[in-house]
Amino acid sequence: MKVKVGKKLEFDKDGIYRLHVDNNDLILISKEGQFFCLENRCSHEDFPLEDGDLEYHDGLPCIVCPAHGAKFSFEGKALCLPAVEDIKSFEVLIEGDEVFVKLA
Ligand code: FES
């Protein structure tokens with residue numbers, strides 16, 4: 001199911017945007033014109049990721065959990081301790097100037 005989450009212009013600044021889509025708590029990461037969507041939950045102790053920082057891990061862009069520093073790739077892969085499990089990622093589709101997230 002594809003759900004519209006807003007216009008590209010709303011997410012044009014690099015950063016992390018919180019989304020509530022169909023009872024799902026998600027984050028949209030905007031980075032240099034590209035968009036990525038992840039669940040807003042760290043797999044370590046379930047803290048939200050929305051206030052995390054965008055950094056690099058071995059040259060790979062990542063989001064850092066603000067609670068204890070776990071890092072996840074923009075595809076949701078756990079990159080370092082204390083997280084060992086990946087988190088869910090969702091496909092982002094751009095159609096014209098609109099942004100959609102594919103939930104399933
Ligand atoms: S809850 Fe994210 S690192 Fe602990």
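## Close-up views of an all-strand chain

Of the 104 residues of the chain, 28% count as buried (20 or more other C-beta atoms within 10 Å of the residue's own, with C-beta atoms placed from the backbone). The model is predicted: local features need pLDDT of at least 70, side-chain atom pairs count only at pLDDT 80 or more, and totals for chains, interfaces and linings use all residues. Residue numbers start from 1 along each chain as its sequence is written.

View 1. Strands are DSSP runs of E, at least two residues long, and helices are runs of H or I, at least four; both are numbered from the N terminus. The pattern along the sequence is β-β-β-β-β-β-β-β-β. The radius of gyration, 13 Å, is close to the 13 Å of the globule rule for 104 residues, so the chain is as compact as a globular protein of that length. That radius is taken over C-alpha atoms, and the rule is 2.2 Å times the number of residues to the power 0.38.

**View 2. Six strands form an open sheet.** The order is E1-E9-E8-E4-E3-E2, with antiparallel pairing. Two strands pair if DSSP finds at least two bridges between them. E1 (2–7) and E2 (15–21) stand at the edges with a single partner strand each, so one side of each lacks a neighbour in the sheet.

**View 3. Strand E1 meets strand E9.** E9 covers residues 98–102. Five bridges join the two strands, which run antiparallel. Which residue of E9 is the bridge partner of glycine 6? The partner is valine 99.

Conventions: A residue is buried if 20 or more other C-beta atoms lie within 10 Å of its own, exposed if 12 or fewer, and partly exposed in between; C-beta atoms are placed from the backbone.
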